[in-house]
Each structure stands twice: as C-alpha cells, then as structure tokens.
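Take a moment to look over the sequence and the structure below. We will then walk through them together, one part at a time.

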Amino acid sequence: MHETVGRSDATVGRSDGRTARAVFALILLSISPTVRLSAQVSLQAAAGVRYTSTLVHDSIVTGVDVRPRLAPAFSVTATTPIQHGWAVAGIADLSWSTLERHDQGGPTVDLGGLTTLAVEVGVRHPLVTGLSGRLAVGGLKYFPGNETGIFRDGSGGILPLGGVALSYVPPAGIAQRWGLGIEARYDLHAFITPALRNRGFTSSRAVHRVALALRAAWPHASGQP
Amino acid sequence: MKRILATLGLAVLACNEPTPPSRGGTYNFADTIPPDTIIVFHWPSSRVPVRFYAAPQGNLPFLVQRAFAAWAGLFLYDELTGTLASDSLTADVIVIWSDSVPPDAPPDTAGALGACNGVTDVPTVDSTSRLTGPFHIQLTVLTTAMYTPGQVQACMRRTIIHEVGHSIGLFLHSPAPGDIMHSPPLVDAPSEQDRRTVERLYHTPATILPPP
C-alpha cells in the first residue's frame, strides 16, 4: 500500500523570538509522529478457524493426547506502508476453544474452555500481485477455563511464538476496494506448564497452529500488501 | 529475514517430542476371583462427576469433600471429578457415621492411630458385570481407648481418604506404609505411589461397569 504521508508545514515569522521558535518546533516534533502514524497505518481484521496440534502426549498404559478442538480465530493487524519492499506489522490474535483429552482406543473427553492470545510484530512483503507474505515473532498466553489438570499450577506465563502468514487480496473489483481477501497463518511455539514440569515432563512440546481466515482492511485502498 | 527464519528453525529443533515421565512403581489395584477373574473398576469418563453423599452430621460433608479432592487433585488429565450430592438416592457413594458423631476439632496426628475405623462396602455385580448400587462407606469412632477429639479428627481425615480410595476403584491395600492405601493408613495424604497407581487404574480397561 502506498499512501501520502501527512505533513504539517508551518512558517515562523522572523519577528518571533528564539523561544517562540523553539516552542513551536517542539510542538511540531510532538505532533508530527501522531499525524504520520494515523495517516500511514492500515488495519486488517481477520476471522476464521484454527487447528492446533497436540499440546501434551503422554503414555499411561495407553497413549493420551491433549489438544484443543478446532477454534474460531480472530486477529487484528496494523501495517505500515511498504518501504523498500517491506512493511512492518503488529498483530493481536485471539482464539478460544475447548480442550480435549483423547485416550487411545477410548473416549474423547471435554476438559473445559481454553483461550489463547498472541501478540506479534513482524514484516510483510508483497510476493506477486495480490499476494503477500508475513513473518512475525511474539508471545502467546494461554487462559484456561478451569485451573485443573495440566493447568492446575497456572499456564506458565508468556510463551515465545514465531509464525508466517500468506494473504491474498484479488487485485481488482470489490475485493480490492474493501481489502477483502483470505489469509493462511501458521505459527509455532513450545508448550509446557508448571503442572507438567512438576509431573516429570522435562522438555516442551512443539505446538503448531494453522488458521484460515477471511480478512478485510481499513482504510480501503488499492495495492494492499 | 534470514535471522527470523533461523530463529524459527532453532525453535523447531529445540522442541523435539518430549518423553513422557516414567510411571513405574505402582501397587496392585485389581482384585481377583479365583481362578482367573480379574476385577478392575474405575469410574468411566461418561460417569463423572462421581456423586458423593455425606450424611449432614458433624463435619462429614467437609471431610468427604476434602478426601475426594485429595484424589481428584492427583490426576493430570481430569480423569476423575466429583460432586457432593444432596440426596443419597442419587448418589454413587454414600458416606455415613456408623454410630457416634465426632466433634469437629483441629486434627492432632500424634497418637491418632487406632482412634477410628472405616469400612467400604462394594456393591454386588450383576450378570452383565455391572455394579448394582452405590458404594457405602461407614466411619466409626473407636472407644477401646481414650482419644482426644483432635486425634479422632486426624484419624478420620486419613481414614476417609483411604475409604474414598476404595470407592474410586483401588480395591486392594498397598503393602507400603507410606501409601494412604496401606491398611491401616498411617499417612495423611496420597503418596506418589498412590498417584501413579490410581493414574494407571484410570487408564486400564475396566472389567466391572458402574451402576446404570
């Protein structure tokens, strides 16, 4: 996206004193970043569905897997204009699901609600017309509905997260005007909780999350990355 | 860009499949009927929360709730949950005082051994390998020697945990004095071996089903 950068021009009369010029310059300096930011940043909202891989695999007589069900996923991304082929993006991502225990050869048991919130910063790069890619890193926090089981001693703080995303906005028509498109997101983090550590799990498990979402952008503009 | 990719790559490498902790070190929980009938019972996930009824006398509801929480808190995957039932007719486990109601007092573990007794009656099993009714637990204050109210309370706390252990499927006693399922119970809470045993029980296919 290429947008005009907002600028404030002002002329200071020679008759004004040095102090007045300095004060005015300070005001300009303090206002300018705000003006630039509001004019440059675009927002994208996305809603879709997320798959999360197994959080815990255990073996008690038979195999036990704990993982969230398919979950609704929502995200808001703030993106700067592209400069030298890259844009900076800040992402907030929320999803909530039901945690399930899968006993090998046995039942699937509901373990209660589970909400995740991830905040990331990254870079975005146009690939081909309408298609752009994003790399981001950040942190993810689990909010369990019940503080029992693997979350009995808490969720263990913020977990480092890294991810990639691909967005496609058709380069013409209504979709382009409204910034409508689709987005595929993948991220990875290492999962462990204090309760798991207390029970002898000595290392984290890599958890993969994949989300497919529909997205829209504000302001609606052409050339959305 | 390369740095970010390298970070992601390192994260993947750093997160190999972790090995589940060892769960060795258990005692036998399955009863047998000679020559070869093995009795394994646990409350299945379709029948939890287990409904406990505690006669509303003295601090029995508190003691029962505490005992059940001691067991339920051992599970990592919420295999066992329970609730206090207000009506004994709908309960899976009924707990009563057999005669006198001990006064509520701060527990005094010193010299508490022998101050009380507990018995769990396992319901009969019908031809479809299904239990026919609720478990019954009776608790008795022993009067063969003089015990303080605190000693009786300390005895009751550990005895109720022991008896609730039977009602959740630990039908046999542990040979280790450090386990709450040792008879008589000499400790105040389930041990690591109690935990490993009950975890193993709840992932072993049952041969006896709960009442409908």
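Let us start with an open sheet of five strands in chain B, which has the order β4-β3-β5-β7-β6 and mixed pairing. Here helices (H or I, at least four residues) and strands (E, at least two) are DSSP runs, numbered from the N terminus, and two strands pair if DSSP finds at least two bridges between them. At the edges stand β4 (82-84) and β6 (116-121) of chain B, each with a single partner strand, so one side of each is left without a neighbour in the sheet. On average, neighbouring strands of this sheet are turned by 20 degrees against each other, direction ignored. One pairing to look at is that of strand β3 (residues 50-54) of chain B with β4(B): the two run parallel and are joined by three bridges. There, B:Val50 has B:Gly82 in β4(B) as its bridge partner.

A word on the model itself: it is predicted, so local features need pLDDT of at least 70 and side-chain atom pairs count only at pLDDT 80 or more, while totals for chains, interfaces and linings use all residues. Residues are numbered from 1 along each chain as its sequence is written, and chains are lettered from A and ligands numbered from 1 in the order in which they are written.

Now for the helices. α2(B) lies across β3, β4 and β5 (93-97) of chain B, running at about 150 degrees to β3(B). α3(B) lies across β5, β6 and β7 (135-141) of chain B, at about 15 degrees to β6(B). Axes are lines fitted to C-alpha atoms, for helices over the stretch in contact, and angles run from 0 to 180 degrees between N-to-C directions.

How do these two helices meet? Helix α2 (residues 60-72) and helix α3 (residues 149-167) of chain B pack at an angle of about 55 degrees, with their axes 9 Å apart. α2(B) and α3(B) are therefore oblique to each other (angles under 35 degrees count as roughly parallel, over 145 as roughly antiparallel, 65 to 115 as roughly perpendicular and the rest as oblique). Residues of α2(B), including B:Leu63, B:Phe68 and B:Trp71, meet residues of α3(B), among them B:Met156, B:Ile160 and B:Val164. The residues of this contact divide into ten nonpolar, one polar and one charged. Ala, Val, Leu, Ile, Met, Phe, Trp, Tyr, Cys and Pro count as nonpolar, Asp, Glu, Lys and Arg as charged, and the others, Gly among them, as polar.

Stepping back, chain B has four helices and seven strands, which follow the pattern α-β-β-β-α-β-β-β-β-α-α along the sequence.

Where does chain B touch chain A? In all, 22 residues of chain B are in contact with 29 residues of chain A; two residues are in contact if their C-beta atoms, placed from the backbone, lie within 7 Å. On the chain B side, α1 (2-14) and α4 (192-201) are the elements that give two or more residues. α1(B) gives the most, with six residues.

The buried residues of α4(B) are B:Asp194, B:Arg195, B:Thr197, B:Val198, B:Glu199 and B:Leu201. A residue is buried if 20 or more other C-beta atoms lie within 10 Å of its own, exposed if 12 or fewer, and partly exposed in between, with C-beta atoms placed from the backbone. What covers these residues of α4(B) includes β2 (56-60) of chain A together with α2 of chain B.
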